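Welcome! Take a moment with the sequence and the model, and then let us walk through them together.

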Amino acid sequence: MKKSLLSLALVCASAQAFDYTISGSAETFTKWGFNNVTPDVATGRAPTDSFTTLFSQLNLKADLGAGFAFGLGGSLAGLAFDSTQGFTASGYSFNASPVQASYFGYSWDKGKVQNYMIQNAYLSYEGTHLYLKAGRYQSGKVGEWFSGYNQGAEGYIQSGAFKLWGFWSNRRAFAYNQWFLDFYRVHGLKKDIFAAGVDLTFGGFKTSVFSYYVDSKVTAPGVSFTYDTNTDFQLSGFRSLTRVRTLFPQALSSFDGLDTSADPKNPKDPDGIGSGQRDWGVINSSSATLWIDQRFDVNNFNFGVGIYKNFGNANELIGRYGNPVLSVVDFWTAGAYDIGQSLSDMVGKDAFTGYGYMGATYGAFNWQVLARGTNSPRSAEQSVALNLGYKIREDFKIGGKLEWFSDTTKAGYNPFQGVIVGQKLTANRTDDRSHIFFYMTHTF
């Protein structure tokens, strides 16, 4: 009897310790391109895509006690409008949608449209010095060169200023209002991504030494530096934030100097999604990326400048699957028919980019103007964007962007490279890629 009472007491104590939260969102995103020309492959004339999405997500997080937690969540999404569905171009006819196949709804590993997924299914532990998470979850807690949802594991050990971290990725997914792709292998069959690093933080100064690795493809060591003069900045006073990021991808011997085309024996191998459709050329045996960003904050006003430089084809295997520069500049703003798709040549071979920005925050409203210029062997790009955001309530916000974007594709390439391989331009051509973004988000 005493044992039964003790067992009941333990169960009750466990039940009291157990806690959970339910959260979710209902969202929509629209991109509207101003260039609506008729597609023509021979001349490289491609319109700028327009589309509207509907997206919803529901998540459960359960606190299991003693630092352990469990998460489970699913998403539903679809295209309410798509200007690229079933397009034809000078003799070419397509039932597919470049928008859908590129970044909203297509399951690359399964070879079909799939507008639902389980994006969260994880078990985690977080203590004073140790953090571990495994399953499906949103990445970003360790490392800077990988984004989206991860299927794999991550963790760190921290003691004072020292942090040792690492992660493993078997598959990657997107579950957002602009991007929705089920879990897929980034680098093809049996090609997982591994990364590890050491961070040291002293006041406002942080440095990190790390390396990414993909079996038989690439190893990518790097070093990063951050200096923040006011780590507790709250829109009052002065702050200087300096960030330097370096990456040195080294192609492994079995991949050195080879074209990045897909495996012809396995057409579903995601090596052919993106990498096989690039026309940047070979993957160099040794390459590098350098990003420097300097930002100043004066009360609620901010401004800054930066450069992003690739030496060789540095971002083909590491750098376009996650990149710290995305915290400032969005390089997924070109056309859906283009290589990538919609991927700017900012991360292209030997590309150099300079940019500047300024903005301010007034309570629930914020604005920013960002100007960018990029030059690479494949293209030259210039853009000026006005970004706006407004939080109507704690659970409801709207925002958007108006961007002027001029994109010159150089002779020897073709804006249709992402969907039609083979035809090259004999002369440079300039296209208007100007567009509007608009989103609404309700969270609960």
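Is phenylalanine 167 buried or exposed? Phenylalanine 167 is buried, because its relative accessible area is 7%; buried means under 20%, exposed over 50% and partly exposed in between, using a 1.4 Å probe and protein chains only. Before going further, please note that this is a predicted model, in which local features need pLDDT of at least 70, side-chain atom pairs count only at pLDDT 80 or more, and totals for chains, interfaces and linings use all residues. Residues are numbered from 1 along each chain as its sequence is written, and side-chain values use heavy atoms, leaving out hydrogens and water.

A nonpolar core is a set of buried Ala, Val, Leu, Ile, Met, Phe, Trp, Tyr and Cys residues joined through side-chain atoms within 4.5 Å. The largest one has 45 residues, and Trp165, Phe167 and Tyr212 touch the most other members. Elements that each supply at least two residues of this core include α2 (98-103), β11 (162-175) and β14 (205-214); helices (H or I, at least four residues) and strands (E, at least two) are DSSP runs, numbered from the N terminus. Apart from this core lies another, of nine residues, among them Phe55, Met117, Ala175 and Phe180.

Now for the rings. A pair of aromatic rings is described by the distance of the centres and the angle of the planes. Rings of Phe, Tyr and Trp (its six-membered ring) pair if their centres lie within 6.5 Å; planes under 30 degrees apart count as stacked, over 60 as edge-to-face and the rest as tilted. By this rule there are 22 aromatic pairs. In one of them, phenylalanine 146 and phenylalanine 167 have ring centres 5.4 Å apart and planes at 50°, so the pair is tilted. Phenylalanine 146 sits in the loop between β9 (130-138) and β10 (149-159) and phenylalanine 167 in strand β11, so their pairing ties together parts 21 residues apart in sequence. Phenylalanine 146 is buried, with a relative accessible area of 9%.

Compare the rings of phenylalanine 238 and phenylalanine 296: their centres are 6.2 Å apart and their planes at 25°, so this pair is stacked. Phenylalanine 238 is partly exposed at 47% relative accessible area, and phenylalanine 296 is partly exposed at 26%.

Finally, look for a charge over a ring, which requires NZ of Lys or CZ of Arg within 6 Å of the ring centre and within 35 degrees of the ring normal. Lysine 163 lies over the face of tyrosine 156, at 4.4 Å from the ring centre.
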